[in-house]
Amino acid sequence: MAADGGQDLITLTTDRLSADRVSESVTCPSCGAASLFIGTTRDNFEGKKVIRLKYEAYSPMAESELRKICHEIRTKWPSVRHINIQHRLGVVPITEASVVIGISSPHRRDSLEAVKYCIDTLKATVPIWKKEIYESGEPCWKENKECLWADAGKDPKQS
C-alpha cells in the first residue's frame, strides 16, 4: 500500500493474465485515467516462426525490482493512485499476455507516461528471462536489448 492509500500490486504467476482484472484493480472514483500496457506473445522473431515463449525469473529479486519501479513511479508522478504489474512465468502461447501493467491517475498524461516508464524499466532491470521456442531449430534464451546486464554473445541467464 502506498503512503497515500494507493495500491502497488505485483504478481509473478504461471496463470493466464487478465487485462480486465488489472484494469478493475486500478480503477477508482478519484481517477479519470486508467492506462494499460499488454505485452503479448507474437508468432515471429527475425524471420523465425515462434510457437511459444517460456519465462523464468529469480522471483525474490524480480519482486524487489518491481517494488523499486513502483516507488520510482510514485516519485516521478505523485498523482498516480494505483499500480498493478503482472508478469507471466512458464509457457506463454502465441497471442496470450506475458505482461500486463495498469496505472491510474487523475489525468491521462501521468498514467500514460508512468506506464511507458514502467515497461521500459521492467525490461531493463527486472531479472526475468525469455526463451523463444521456434517451429524449427533450437530454442533460444533472449535478453531484452534494454537490459542493463546485456552483453553481446553471453547467455542472458549466466549474467
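Analyst: The count of disulfides is 0, where a disulfide is a pair of cysteine sulfur atoms within 2.5 Å. Cys 31 is in no disulfide; the nearest cysteine sulfur belongs to Cys 28 and is 3.2 Å away. This is a predicted model, in which local features need pLDDT of at least 70, side-chain atom pairs count only at pLDDT 80 or more, and totals for chains, interfaces and linings use all residues. Residues are numbered from 1 along each chain as its sequence is written, and side-chain values use heavy atoms, with hydrogens and water left out.

Cys 31 has a relative accessible area of 15%, so it is buried; buried means under 20%, exposed over 50%, and partly exposed in between, with a 1.4 Å probe and protein chains only. Cys 140, at 27% relative accessibility, counts as partly exposed.

Next, the helices. Helices (H or I, at least four residues) and strands (E, at least two) are DSSP runs, numbered from the N terminus. In helix H1 (residues 19-26), the buried residues are Val 22, Ser 25 and Val 26. Viewed down the axis of H1, these buried residues fall within an arc of 90 degrees, so they line one face of the helix; the arc is that of the directions from the helix axis to the C-beta atoms. Asp 20 and Glu 24 are exposed on the other side of H1. The buried residues of H1 pack against strands S1 (8-13), S2 (33-40), S5 (83-88) and S7 (97-105), contact meaning heavy atoms within 4.5 Å.

Ser 111 lies in helix H3 (residues 108-125) and counts as buried at 0% relative accessibility. Leaving aside residues up to four places away in sequence, Ser 111 touches Ala 33, Ser 35, Ile 103, Ser 104 and Ser 105.
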